[in-house]
Amino acid sequence: MFGDTIVDLGQDVSSNPDHDERHFFAEQTSRADRLNPSPSLDNSPQTADAHYHGHRDRLRARFRDGGESALADYEILELLLFRLIPRRDTKPIAKALIARFGTLAGVFGAPPALLQEVKGVGETVALDLKLIASVAQRMLKSELRGKQVLSSWSSVIDYCHAAMAYETTEQFRILFLDKRNVLIADEIQGRGTVDHTPVYPREVVKRALELSATAIILVHNHPSGDPTPSRADIDMTRTIIDTAKPLGITVHDHIIIGKDGHASLKGLRLI
């Protein structure tokens, strides 16, 4: 939430490769074991492969024939993990990730350190999941390029939600628009703690002038999940509006993003 003059917007995994899930079955049996197989090798990689390969083929076939609607969320995640963790049963990992973070969006939005607290997820897979999340964000952002942002409002909300809803600390983001309300730049101007971010109204306006922007949209997130604006959020938005207006810069809206939705100060008639 916002504050006063400087505004306040209101299990470790070792880096040793042996702990990385992609090396789960990296240890090879001894030559003697390979030459003299015995029933004690029932848990060998070859046996494990036979255990889940048929399941993987069936899941791929369901996706091929029925698309994403044919699969539950954990199955979509499991299908993805097939490629990230090629030599391990990924169903328990996918289910554990959904159980921990609630939704697919929660999984992809989670910080790498928290992802690695789920058994079976090491640093490599955690970073791969974040890469996929970044690709999704870029796709959503690409929907805004070259378009009048005010006529693509749902795309704006989708992008901001994907980019900010699951951040564990507050961010203050600004979308800079030209005279046709086309996106010029999207910048994070401040990062804070779990419940506040420093914001400088003069810096907001200064950056808009540097970019020759004639309008801006303010966005910040509430890590608590509740997007309800605080009194300080409202007051500071009005301060930015009053600072920007004499310089020909319009503040179209201030959007607050939470895990469960968003709030628009303009939509709530607070500005």
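Me: What makes the side chains of Glu-187 and Arg-207 a salt bridge?

Reply: Their N to O distance is 2.6 Å. A salt bridge is a side-chain nitrogen of Lys or Arg within 4 Å of a carboxyl oxygen of Asp or Glu, so the pair of Glu-187 and Arg-207 qualifies. The two residues link distant parts of the chain, 20 residues apart, with Glu-187 in strand S3 (residues 183–191) and Arg-207 in helix H9 (residues 201–210). Helices (H or I, at least four residues) and strands (E, at least two) are DSSP runs, numbered from the N terminus. This is a predicted model, in which local features need pLDDT of at least 70 and side-chain atom pairs count only at pLDDT 80 or more, while totals for chains, interfaces and linings use all residues. Residues are numbered from 1 along each chain as its sequence is written, and side-chain values use heavy atoms, with hydrogens and water left out.

Me: Why is Glu-187 called partly exposed?

Reply: Glu-187 has a relative accessibility of 24%. Buried means under 20% relative accessible area, exposed over 50%, and partly exposed in between (1.4 Å probe, protein chains only), so Glu-187 counts as partly exposed. Arg-207, at 26%, is partly exposed as well.

Me: Which residue forms a salt bridge with Glu-75, and why does the pair tie together separate parts?

Reply: The partner is Arg-62, with the closest N and O atoms 2.9 Å apart. Glu-75 lies in helix H3 (residues 73–84) and Arg-62 in helix H2 (residues 45–66), so the pair ties together parts that are 13 residues apart in sequence. Glu-75 has a relative accessible area of 10% and is therefore buried, whereas Arg-62, at 35%, is partly exposed.

Me: Why are Asp-235 and Arg-231 separated by about one helical turn?

Reply: They are four residues apart in helix H10 (residues 231–244), which means a separation of about one helical turn.

Me: How many salt bridges does a search of the whole structure find?

Reply: The search finds ten. Lys-141, Arg-173 and Asp-186 are linked in a network of salt bridges.

Me: Is Ile-93 buried or exposed, and which residues does it touch?

Reply: Ile-93 counts as buried because its relative accessibility is 3%. Ile-93 lies in helix H4 (residues 91–101). Contact means heavy atoms within 4.5 Å; not counting residues up to four places away in sequence, Ile-93 touches Leu-81, Ile-85, Arg-88, Val-118, Lys-119, Gly-120 and Val-121.

Me: Why is Met-139 called exposed?

Reply: Met-139 has a relative accessible area of 55%, so Met-139 is exposed. The residue is found in helix H7 (residues 123–142).
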